[in-house]
Amino acid sequence: MISFGLVGCGHIGMRHARLLEAHPDTLLVAVCDIRPERMSSVAGTWPDIRTSPEFKLLVKDPDIDIISICTPNGLHAPQAIEALYAGKHVLVEKPMAIRVTEADAMIRASQESGRSLFVVKQNRFNPPVQAVRQLIDQHKLGKIYTVSVNCYWNRSDAYYRQSDWKGTSAMDGGTLFTQFSHFIDILYYLFGDLDVLHAIFDNVSHPDTIEFEDTGVVNFSLRHHHALGTLHYTTSSFKQNMEGSITVFAEHATIKIGGRYLNTIAYQCTDGFDIEGLPDSGPANDYGYYEGSMSNHDKVIQNVVRSLQGKEEIMTNALDGRMVVDIIERMYAAGKKIRSV
């Protein structure tokens, strides 16, 4: 039995709690949150779970093997580092950090403490993503010509106003970190590292609620494939999320992983190796007034458990998590900001 402590009892923290309580090989021992009412909600649902008023007490709990971090982005690095040096393994929600220097410090803490550092990247488990990854590994696509990533979601002003950290540069970090880091991760997972050629950002519909862009266009080249690519994203889609897709144009196929959350094969024309018979993707994370990415956290936790048991490799290691932070940081560094951004 692997025992967990949980910090952050918001939407995503409660998802972790429910899945940890349901897993036969995990035990959720204690939770911590700066809001007492959130901890009371957990205690009311699961009376056997202890509540800890301070994070430093949670990480010192001798009954806990691993800390699950579900706090605002800007807290991921300091909390992970403290937990690792306290002798705990760490599972941290995306993004791993909002600065590559923080990610490096987290990896260093993992190495020096001898504890494992896992990063939540649940979209890697999406069946269409796995199917395209297999085709790439088998070299069936041939030469990669170009790649297009489209992320068209909705985040209303209410989404930001109901939070004391979302939309802030210090704790949120930017739209690429909070909304679309999963898409950057899948781009890296499928095609490797990239060079940013040009980027431009704007805040078109949230001028009074966020401190950064809500829309961006990034041109890049894939280092390992010598192929051009584009990323076009926005959180200004009218009323609801519209699309989250990655299209690859290659020598022997054109394939679009689509839907709203990279959860379908939206288009394919292949040289005799069509993707067929995929299992259904799970539902998206539904938070009532908005939707997030695919709900594959059960697979993430199962992978973490089996990794700690020595039964399989981790799907997203800390170095992969760092690469996503590095790529996003490079995109922002290369970008031209216009208007109020």
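This is a predicted model: local features need pLDDT of at least 70, side-chain atom pairs count only at pLDDT 80 or more; totals for chains, interfaces and linings use all residues.
Residues are numbered from 1 along each chain as its sequence is written, and side-chain values use heavy atoms, with hydrogens and water left out.

Now for the overall build. The protein has 11 helices and 16 strands (DSSP runs: H or I of at least four residues for helices, E of at least two for strands). Its radius of gyration is 20 Å, close to the 20 Å that the globule rule gives for 341 residues, so the protein is as compact as a globular protein of that length (C-alpha atoms; the rule is 2.2 Å times the number of residues to the power 0.38). The C-alpha trace spans about 55 × 50 × 35 Å along the principal axes. Of the 341 residues, 57% count as buried, meaning under 20% relative accessible area with a 1.4 Å probe, protein chains only.

Let's zoom in on His76, which sits in helix α4 (residues 76-85). His76 counts as buried because its relative accessibility is 0%. Its side chain reaches the backbone oxygen of Thr71 at 2.7 Å. Leaving aside neighbours within four places in sequence, His76 is in contact with Ile69, Thr71, Val92, Glu93, Lys94, Pro95, Met96 and Met106 (heavy atoms within 4.5 Å).

Technical notes: Buried means under 20% relative accessible area, exposed over 50%, partly exposed in between (1.4 Å probe, protein chains only). A polar contact is a pair of N or O atoms within 3.5 Å; within protein, one must be able to donate a hydrogen and the other to accept it, and residues adjacent in sequence count only if both atoms are side-chain atoms.
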